Amino acid sequence: MSSTNLISFEMLGDERGSLISLEQNKNIPFTIKRVYYLFDTNIETSRGYHAHYDLEQVAICLKGSVTFLLDDGQTKERVTLNSPDVGLHIKGLKWREMHDFSEDSVLIVLASDLYKESDYIRDYDTFLREVRNEDSPAQ
Ligand code: TYD
């Protein structure tokens with residue numbers, strides 16, 4: 001699997017406090033078409049359990065912590081986000097799960113497209129088939 005793609009955001013804070021600016025096609029590597037955020041998450045809950053065909057996303061844990069499991073069909077990788085100056089860039093066919101939300105967690109996600117259910121792969125076996133198809137395209 002390509003190594004985890006973490007983006008480090010410049011902190012623009014001063015004695016008044018911290019500030020981070022996110023700009024499309026600058027420190028966010030795509031045009032942002034959608035933003036959503038997860039909060040008040042039940043700490044017993046895990047979320048995600050899907051892959052995307054085309055969507056690109058950057059996830060930032062603004063408060064608290066959450067652990068992503070990223071799976072490219074061969075390797076599974078766990079990444080804990082617990083700092084508002086770090087973004088996890090997820091691109092390409094990757095199964096993702098979110099686990100271990102802290103009680104105070106606020107996770108914001110910037111996405112390269114509008115919500116489209118047709119871009120989701122919600123079944124793990126279908127995901128594995130799609131990864132294999134991508135690795136060995138028809139002759
Ligand atoms: P879901 O895909 O289950 O969230 P997660 O993958 O984080 O566990 O989304 C929950 C519901 O919200 C589902 O009905 C789809 C809807 N939804 C939107 O309408 N727009 C969005 O941008 C997202 C992420 C979800």
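## Strands beside the ligand

Strand 2 (34–39) and strand 3 (47–52) each give at least two residues to the shell around the ligand. Strands here are DSSP runs of E with at least two residues, helices are runs of H or I with at least four, and both are numbered from the N terminus. Strand 3 provides the largest share of this shell, three residues.

A word on the model: it is predicted, with local features needing pLDDT of at least 70 and side-chain atom pairs counting only at pLDDT 80 or more, while totals for chains, interfaces and linings use all residues. Residues are numbered from 1 along each chain as its sequence is written, and side-chain values use heavy atoms, leaving out hydrogens and water.

## Who surrounds the ligand

Let's meet the neighbours. Arg34, Tyr36, Arg47, Gly48, His50, Met98, Tyr115, Tyr120 and Arg122 surround the ligand; a residue is near a molecule if one of its heavy atoms lies within 4 Å of it. Sorted by class, the shell holds four nonpolar, two polar and three charged residues. Ala, Val, Leu, Ile, Met, Phe, Trp, Tyr, Cys and Pro count as nonpolar, Asp, Glu, Lys and Arg as charged, and the others, Gly among them, as polar.

An N or O atom in the side chain of Arg34 is 2.4 Å from a ligand oxygen atom. For His50, the side-chain distance to an oxygen atom of the ligand is 3.3 Å. Gly48 uses a backbone N or O atom, which lies 3.0 Å from a ligand oxygen atom. On its own the ligand exposes 540 Å², and the protein buries 60% of that; these areas come from the Shrake-Rupley method with a 1.4 Å probe.

## The largest pocket

Which residues line the largest pocket? They are Arg34, Tyr36, Leu38, Arg47, Gly48, His50, His52, Gln57, Met98, Tyr120 and Arg122. Strand 2 and strand 3 are the elements that give two or more residues to this lining, and strand 3 has the largest share, four residues.

A pocket is an open set of points, on a 1 Å grid over the protein atoms alone, where a 1.4 Å probe fits, with protein on both sides within 12 Å along at least five of seven lines; lining residues have an atom within 4 Å of a point.

## Partners of strand 3

Strand 3 runs antiparallel to strand 8 (residues 95–99), joined by three bridges.

Technical notes. A polar contact is a pair of N or O atoms within 3.5 Å; within protein, one must be able to donate a hydrogen and the other to accept it, and residues adjacent in sequence count only if both atoms are side-chain atoms. Two strands pair if DSSP finds at least two bridges between them.
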